[in-house]
Amino acid sequence: MKKYLFIIALLSCIGCQSEYQKLLKSDDYDAVYEGAVRYFDAKDYYKSYGLLEKALPAFRLTEKGENITMMLAKSYYEEQDYLMAAYYFERFAITYPTSTQVEYAYFYSAVCYYNVSPVSTLDQTYTEKAVQSFQLYINKFPNGSYVKESNENIGKLREKLEEKAYNNSKIFYNLEDYKAAVTSLKNCLKQYPDTKYREELLFLTLKSSFLLAENSVESKKDDRYDLAVDDYHAYIDEFPNGQWAKDAEKIFLQIMKRTK
């Protein structure tokens, strides 16, 4: 009995596969569309988007075109092909700006980029794209259904970008390229003034400025010590009892000895 059931199931799969292959080769675009809808409703998204891709050119300028484009976006999304899904959600939003589903399309195009945003140590192009897309959604739908979620996601993404900028800003310090370190650390502070790493970045800026002055030619030492003093005040005025306050005081005293 098990053997017969297996054969029946196998023949059924072959039959389904044959139907799908026939539709892929068919010039009957109404049948292709109907087949795509059946597969979509059955949550067979792989077959669904294969047929939808075939049907879309034939129905692009009809009412079915709107439905096909949205089903394509959703099918790729369910298959976790987020970049293709983002493409079709964006295409939907541009092509059908008056659709009742346009808000959904804008939001989910951003969600797609959110889903491909990598860890902070990797390139953050898609993280930045996700932030831009969520912000675009909020700008277009300030009272939309997904505004709260969009703001929460932007917060998470910005934390990742902040982490990336923080790690990048310390690269030159670790390489002992103190001139470049001062620039990168200050740029990070300028870009993220409220960063949770603010105290550390201010202290590393001071230390980099001091070490740059220490290793400079005589003609540049005084000016660079003066800049280090400015960085000392920037740190100590904000964090007089900070984690590195004692180290900052030691650096300041050394500068005073050097510049007497």
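**Local contacts and ring pairs**

Q: In this predicted model, with which residues is Ser26 in contact, leaving aside its neighbours within four places in sequence?
A: Ser26 is found in the loop between helix H1 (2-25) and helix H2 (29-41). Once its neighbours within four places in sequence are left aside, the residues in contact with Ser26 are Val32 and Lys54.

Q: Does Ser26 count as buried or exposed?
A: The relative accessibility of Ser26 is 18%. Buried means under 20% relative accessible area, and therefore Ser26, at 18%, counts as buried.

Q: How many aromatic pairs does the structure hold?
A: The structure's aromatic pairs number 30.

Q: What is the geometry of the pair formed by Tyr87 and Tyr88?
A: Tyr87 is partly exposed, with a relative accessible area of 41%, whereas Tyr88 counts as buried at 4% relative accessibility. Their rings lie 4.9 Å centre to centre with 80° between the planes; because planes over 60 degrees apart count as edge-to-face, the geometry of this pair is edge-to-face.

Q: Over the face of which residue does Lys74 lie?
A: The ring in question belongs to a cluster linked by ring pairs, whose members include Tyr77, Tyr104 and Phe107. Lys74 is placed at 5.1 Å from the ring centre, over the face of Tyr104.

Definitions and conventions:
Residues numbered from 1 in each chain as written. Predicted model: local features only at pLDDT ≥ 70, side-chain atom pairs only at ≥ 80, totals over all residues. Heavy atoms only, no water. Helix = DSSP H or I, 4+ residues; strand = E, 2+ residues; numbered from the N terminus. Buried < 20%, exposed > 50% of the residue type's maximum accessible area, 1.4 Å probe, protein only. Contact = heavy atoms within 4.5 Å. Phe/Tyr/Trp six-rings, centres within 6.5 Å; stacked < 30°, edge-to-face > 60°. Lys NZ or Arg CZ within 6 Å of the ring centre and 35° of its normal.
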